[in-house]
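Here's a friendly walk through one structure, feature by feature. Have a look at the model below, and then we'll go through it together.

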Amino acid sequence: LESTLFSPSLDPTCVAFSHEPDEKDNDSHKKFTTLFSVSARVSGPSGPRILVQHSGHCVTGGIWTCRKCLHNSNCKHVEAARTKLRQMEILPDTLAEDDEEPKNTYQAPTDYADIMAEKQKLDERSISRLPIGPPAWARTGVADDATSGPYSYVRPLPRHFRLDHATAYCRCGADIDSDVDNTTLSCKVFDVGGAFEAQIDVRPCATCKRNAGPDLGNLGVFNLNNTTLVTHALFNKYDASFLNSETTFHAFYTATQAEYATYMSELPFMGDDLFRTAYFSFVQLQSCGDSFRCDKCGDHPDVVIADGVTVAFQRRKRTSKLRPPNYVTSSSPRHNKVKPPKVGQGLQLVQDRDLRLKALGMITWRLRGGSSNGEAQDMTVDADQLPAKGRKKTKKKSTAAYDDDALQDIAERLGEVNTTLGELFTAYVIPAAPDGLSHSIENWLELLLQVCRMEVCATIY
């Protein structure tokens with residue numbers, strides 16, 4: 001399906017990147033799950049991309065889900081994905097009458113956690129939706145200027161924000177009727193030196209009964225919900241503080257409160273929860289690139305080794321919307337190839353303690369210039385490589401040398417645990433390096449040392 005699923009365009013409006021059958025479906029007509037990447041703007045300049053999912057037997061039936069818009073019946077991202085699926089001709093447009101399935105069904109969440117997750121997504125969705133360019137100090141050069149767009153800073157700010165129909169947007173994602181009259185609401189504008197009240201033009205949304213409002217990105221203002229407006233300069237000030245002094249949210253919030261009082265602001269600073277919500281909604285629209293890439297795998301490697309993350313929060317810091325990064329809902333991605341450890345099974349890749357310690361000793365011995373010709377070399381195994389029960393403050397030192405048979409035996413035993421691990425051990429530990437270790441070989445040996453240590457908590461399947 002490669003020629004059908006992927007467009008040759010560099011930034012197509014809609015791309016289908018997955019089309020898999022449902023293994024649990026036993027009907028005569030196989031149900032398929034198709035995933036689409038749809039441009040958030042659908043028409044016009046490219047912007048952020050939205051994930052759209054279809055699960056069903058035909059194009060006109062099944063369940064359509066847009067990760068951005070909750071109102072699927074009016075979602076332009078779903079319509080673009082449905083058109084793409086029909087053009088691909090990999091599913092029938094409709095089924096026979098006796099095999100008919102519900103059309104465009106929306107699967108409402110039932111669990112409390114899922115309901116709260118859906119509500120959270122809606123609360124954190126902003127009226128502003130156009131890409132926001134980073135400030136000058138965060139840009140890397142001319143190439144970044146071309147992809148990130150301009151940075152807007154307008155002063156003085158108006159006291160009345162007008163509604164432009166071209167940029168009018170509702171948080172539900174529905175199209176706005178241009179025939180509906182505008183209304184004016186009061187709003188609060190939070191800037192670097194203080195906050196003030198202003199007026200904003202809005203237009204009622206016929207889909208969700210909320211109000212659509214202006215984007216205001218051209219003024220350097222972020223419109224969260226037509227009530228709370230925050231300048232880009234305030235968010236960029238927090239970015240600069242965090243990058244240079246690792247300022248936390250609470251510390252910046254407290255400092256800004258004091259700054260507002262110092263400058264005799266008309267209004268006090270917003271609450272800390274509201275500031276967090278506004279900030280994370282803002283950074284979703286920022287086009288910030290990076291130079292992180294692998295020379296062999298490119299910008300998006302299939303496997304990434306990451307450091308640990310926080311899995312719990314202090315009780316006094318827990319808010320109603322705070323969730324750990326491992327929080328799971330029904331919409332969370334499923335990785336069927338990742339298996340949890342069995343009951344009573346350790347988390348080390350090499351379960352055999354004797355084999356693990358011998359392999360660590362040989363790798364350390366090779367790192368320190370050992371050779372397989374029988375010459376005695378000093379071998380030191382750090383105490384953190386030993387089990388917790390036998391761990392000591394000192395290091396265990398001994399004099400040992402390994403011949404080819406002993407090294408080959410350990411390589412074969414490691415290969416029984418994991419084929420790749422055995423091959424790496426054979427390639428970088430067994431051969432002697434008469435002229436000393438090169439930088440690349442030393443890096444491989446360091447990696448083997450980390451993989452065999454007890455601290456490694458991932459199991460390779």
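## A cis proline in a loop

P156 sits in the loop that connects α4 (142-148) with β5 (160-161). The peptide bond leading from R155 into P156 is cis, and its omega is near 0°. In general, most peptide bonds are trans, and most residues other than glycine have a negative phi.

Before going on, a word on the ground rules: this is a predicted model, where local features need pLDDT of at least 70 and side-chain atom pairs count only at pLDDT 80 or more, while totals for chains, interfaces and linings use all residues. Residues are numbered from 1 along each chain as its sequence is written, and side-chain values use heavy atoms, with hydrogens and water left out.

## Two residues with positive phi

L216 isn't a glycine, yet its phi is positive, at about 70°. You'll find L216 in the loop between β8 (211-212) and β9 (221-223). Is L216 buried or exposed? With 5% relative accessibility, L216 counts as buried. Here buried means under 20% relative accessible area, exposed means over 50%, and partly exposed is in between (1.4 Å probe, protein chains only).

N226 is another residue other than glycine with a positive phi, near 70°. Its place is the loop between β9 and β10 (228-231). N226 is buried too, at a relative accessible area of 3%.

## The four-stranded sheet

Now for an open sheet of 4 strands, with the order β1-β2-β3-β4 and antiparallel pairing. β1 (14-21) and β4 (63-66) are at the edges with a single partner strand each, so one side of each has no neighbour in the sheet. From one strand to the next, the twist averages 15°. Strands of a sheet pair through backbone hydrogen bonds, either parallel or antiparallel. For the pairings here, two strands count as paired if DSSP finds at least two bridges between them.

β1 pairs with β2 (residues 32-39) in the antiparallel sense over 7 bridges, and F32 in β2 is the bridge partner of P21. At the other end of the order, β3 and β4 pair over 4 bridges, again antiparallel. There, Q53 has T65 in β4 as its bridge partner. β3 and β4 also make a hairpin with 6 residues between them, and G62 in the turn has a positive phi of about 90°.

## A helix across the sheet

Which strands does helix α2 lie across? Helix α2 (residues 76-88) lies across β1, β2, β3 (49-56) and β4, and runs at about 120° to β2. For angles like this, axes are lines fitted to C-alpha atoms (for helices over the stretch in contact), and angles run from 0 to 180 degrees between N-to-C directions. Contact means heavy atoms within 4.5 Å.

## Aromatic pairs and a buried aspartate

The model has 22 aromatic pairs. Rings of Phe, Tyr and Trp (its six-membered ring) pair if their centres lie within 6.5 Å; planes under 30 degrees apart are stacked, over 60 edge-to-face, and the rest tilted. One of the pairs is F252 with F275, which is stacked at 5.6 Å centre to centre with 25° between the planes. F252 belongs to helix α6 (residues 249-262) and F275 to helix α7 (residues 272-283), so this pair ties together parts 23 residues apart in sequence. Both F252 and F275 are buried.

D239 is in helix α5 (residues 232-245), and is buried at a relative accessible area of 13%. Apart from neighbours within four places in sequence, D239 is in contact with W137, Y279 and Q286.

How many disulfides does a search of the whole structure find? The search finds 0 disulfides, a disulfide being a pair of cysteine sulfur atoms within 2.5 Å. Take C294: the closest cysteine sulfur is in C297, 3.8 Å away, which is too far for a bond. C294 is partly exposed at 28% relative accessibility, whereas C170 is buried at 0% relative accessible area.
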